[in-house]
Amino acid sequence: MALKKGYTKVFLWLLVTLFLIPTITLVFAEYGTRQLDQEYSAIFIDDARGQGQDVNKLTTFLQQNPPSSVCGTVPEDLLDYQNAVCAEKSELWQFWMIDKVAFWTLVGGVVMLGMIVLFSVLAFKSRQGQLQSLRLARPFLMLASALEVLVQGGMLVWLSFWGTAFFTQTYYPKLVMAMGLLVLVAMYYMIRGIFKKLPPEDDVEGDVVTRDAAPALWARIDTLASQVGTAPPDHIIAGIDTNFYVTEAPLSLEGQVLDGRKLYVSIPLLRQLTTAQADGVMVHELTHLHEGDTASGALLGPKLHRFDQYIHLMRKDISTVMVYYPLCLYRMLFELAWQRNSREREFVADRNAASLIAPAAIVESLIKISAYASYRSEVEQTLFDNKTLHENELGIS
């Protein structure tokens, strides 16, 4: 229920940021245009009446051709009429133009929503589809959002002037300048986000286990990799985190960047597992290498990381709120696709481990790992909460 509320909240805010300002602008422009049509028509009729001209004929003409109807392209016989009522940059021309801009901005908002849906559907197809989806969605949404900021910012500046000038015959320069400054700030944050240098990722903690240092471990991994039908990893990293994983993304270990295929093994967890249970875990991880999960993850990971950094920056300032929500909705839908695909890949790895080792070993290893990781986290958190300085060994083994 909380997850659904989260999606609903983001979607509603997306609708507000995409359509509120254009809708207000469109309504005001339509109202202003009708008022100016009536005002100009009344002036023409009063002038004709004062000169003793045929008012009925003029009234019929104005009803068929109201002043706003000659904004844009007109026949040559209406050029003088157009120059009189809707010359370029005139009052009526501005209302007519902003009306068109607001309408097409609303259309653009609908198109953006449709593209978010299409990109999300592509992400649900496969891991390769996720990569293609992100490659297409990231530049499109960043460009479309930037255009939304520019266009809607222009509407805000226009409204800040005409909203008061139209009704009170005066305007407030400070209000106009404030709206303009808001647009400039938004553009600054967007450009900064595009070119912002990514923070370095956290180093992995552990030690590289060479073949000379642990020949028995490497021999076991070589044998299991052969059973899986894949090449053994290029590096094995041993650490104290309660996790096993494989990756082909670059990892930094004590200032050294490790490339290639890497297997991380948890020393505490290995102490809790039997040989068969450990073999099941290793086959599970090696299956990810065999299936290409780590290769696609290495391609997708950096792009997703940069995209997340840009979204985080867009969330910090109110001026970029209309950029944040389209990106946020797509990212949330993308995460659903990612999680579903990850679960499918985990099931494939589990089935392969069960077939090569033993189903019971896989079940037992999953229970042990989950229980140990949960209990260790609870014990460590209790020690941290006590905020006590321990001079001797903690004795938590």
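**Local packing, strand pairing and a disulfide**

Leucine 336 lies in helix α11, which spans residues 321–356. The model described here is predicted. Leucine 336 is partly exposed, with a relative accessible area of 31%, a value that falls between the 20% limit for buried residues and the 50% limit for exposed ones. When neighbours within four places in sequence are set aside, the contacts of leucine 336 are with Tyr7 and Phe124. Glycine 297 is 39 residues away from leucine 336 along the chain, and the C-alpha atoms of the two residues are separated by 16 Å.

Helix α9 (residues 275–291) packs against helix α12 (residues 359–386) at an angle of about 90°, and the two axes are 8 Å apart. This angle makes α9 roughly perpendicular to α12, as angles of 65 to 115 degrees are placed in that class. On the α9 side, the contact is formed by Ala276, Gln277, Gly280 and Val281. On the α12 side, Ala361, Ile362, Glu364, Ser365, Lys368 and Ile369 take part. By residue type, the contact of α9 with α12 comprises five nonpolar, three polar and two charged residues.

Strand β2 (residues 235–239) pairs with two other strands, β1 and β6. Pairing with strand β1 (residues 207–209) is antiparallel and runs over three bridges. Within this pairing, aspartate 207 has alanine 238 of β2 as its bridge partner. Pairing of β2 with strand β6 (residues 262–266) is parallel and involves five bridges. Here glycine 239 stands opposite serine 266 of β6. Four of the five residues of β2 are buried, so this strand is largely enclosed by the rest of the structure.

The structure contains one disulfide. Cysteine 71 and cysteine 86 are the residues joined, with an S to S distance of 1.9 Å. Cysteine 71 is located in the loop between α2 (55–64) and α3 (79–85), and cysteine 86 in the loop between α3 and α4 (91–123), so the pair ties together parts that are 15 residues apart in sequence. The link between cysteine 71 and cysteine 86 is right-handed, with 110° about the S-S bond. Cysteine 71 and cysteine 86 are both buried.

Technical notes: Residues numbered from 1 in each chain as written. Predicted model: local features only at pLDDT ≥ 70, side-chain atom pairs only at ≥ 80, totals over all residues. Heavy atoms only, no water. Buried < 20%, exposed > 50% of the residue type's maximum accessible area, 1.4 Å probe, protein only. Pairing = 2+ DSSP bridges. Disulfide = S-S within 2.5 Å. Axes fitted to C-alpha atoms, helices over the stretch in contact; angles between N-to-C directions. Parallel < 35°, antiparallel > 145°, perpendicular 65-115°, else oblique. Contact = heavy atoms within 4.5 Å. Nonpolar A, V, L, I, M, F, W, Y, C, P; charged D, E, K, R; others polar.
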